[in-house]
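Look at the aromatic side chains in this entry. Which rings pair up, and where do charges sit over them?

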Amino acid sequence: MENFTEQLIYFSFFQSIFLLIIYLFSPKKRKKLNSYVIVFVFVLLLGLSGKIIYISKVFGENFRFLTISEFAILLFGSTVYLFTKTSLSEKDFSYKNLIHYIPGVLYSLFVVYYFMLPSDTIIVDRIKSGELYKTVNILVALGLSVNIMYWLFSIKEFIKFKKKLNNEISYVVKTRFFLNFLMAIGICLFSWLTIYISSFLDLNIDEKKIRQFIWLAISFIILFIAYYSMVTPDLFILKSLKFKTKYNQSKLKSEDLEILKEKLKHIMLSKKPYLNRKLLKTELAEIMGISNPELARLLNEKIGMNFFEFVNYYRIKEFIQLSETEEAKNLTFFGLAQEAGFNSKTTFHKSFKNIMGTSPSKYFNT
């Protein structure tokens, strides 16, 4: 098993070198990449390099080389967060973001001071007194806490982004790949946390060995993301969607909003903009001759729906009307839903049930 683990470490190490070389010598791909993908691979390479030097015994079996891997511990969580935040916004790399790497730098400096600089005699004394073991446990707890905190920040950014989607677009954006990435990272971190806590309960768990597999799992997740970011960079980079979620102080009075409400209803029935499967709120506002913030206020105050719900409400009405035509006999439910403006089967079924109170099949069979 140990030999197998070492082979995986070597594979991840050389794969990360290979990806970095491609990024550095391929300007076209580098322009399309989120900068933090490169940081991801670099952190991974740093974390694996210490293990490679140690298990290869190039400089002898000195544990000090293994501590090089600790440099990557607190750099990982902050990179997950910054990668998430920049992928889901219009902003890319900023020097201001480097503040998130301060804990990782301080952590690395302490590792150098405490583990790498002292003589063998001092290290042996610390081992005998139990001081080294306590310090390692504190550092692991610190690393877990910071990484889990940044992972939770990442989840918060993703939830905020999903909420923005419903306020600005009428179709489903493929965010599942990105969500799966965050879920996989979360599973690794909480598995590590569970194992760390269990190591104090006399359950005969070798936390150090099992932690190697968790680190390898994280390594493969990062390599997977890095690979797909190179092959299909648009798969989870969603910052091309620009949002204006806040409406400024609107000068429209309540009676103005009532007039706009009737105008919006007329446009939806006569021009049927909802048939555009990728209708944006800015586009509908342009059709109405008002600003995006004013439409946001209209939907919020007078209609009580977000943009996503509002447009799909009209698509469901269109679907029911189309179901009564001759054309409907030659189409499936989803084929008909596409004619009504839907681009996702899941969204269609969910919207239909929310509005009609039942599924399409039950509705038409009763």
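Predicted model: local features only at pLDDT ≥ 70, side-chain atom pairs only at ≥ 80, totals over all residues.

## Aromatic contacts

Phe319, Phe333, Phe342, Phe348, Phe352, Tyr363 and Phe364 are joined by ring pairs into a cluster. Rings of Phe, Tyr and Trp (its six-membered ring) pair if their centres lie within 6.5 Å; planes under 30 degrees apart count as stacked, over 60 as edge-to-face and the rest as tilted. The count by this rule is 22 aromatic pairs.

Residues are numbered from 1 along each chain as its sequence is written, and side-chain values use heavy atoms, with hydrogens and water left out.

Phenylalanine 110 and tyrosine 114 share helix H6 (residues 102-116) and sit 4 residues apart, about one turn of the helix. Helices are DSSP runs (H or I, at least four residues), numbered from the N terminus.

Buried means under 20% relative accessible area, exposed over 50%, partly exposed in between (1.4 Å probe, protein chains only). Phenylalanine 110 is partly exposed at 33%; tyrosine 114 is buried at 6%. Tyrosine 313 is partly exposed at 29%, and tyrosine 314 is buried at 8%.

Charges also meet rings. The charged end of arginine 126 sits over the ring of tyrosine 114, 4.0 Å from its centre. The rule asks for NZ of Lys or CZ of Arg within 6 Å of the ring centre and within 35 degrees of the ring normal. Arginine 315 lies over the face of phenylalanine 342, 6.0 Å from the ring centre.

Note on methods:
Helix = DSSP H or I, 4+ residues; strand = E, 2+ residues; numbered from the N terminus.
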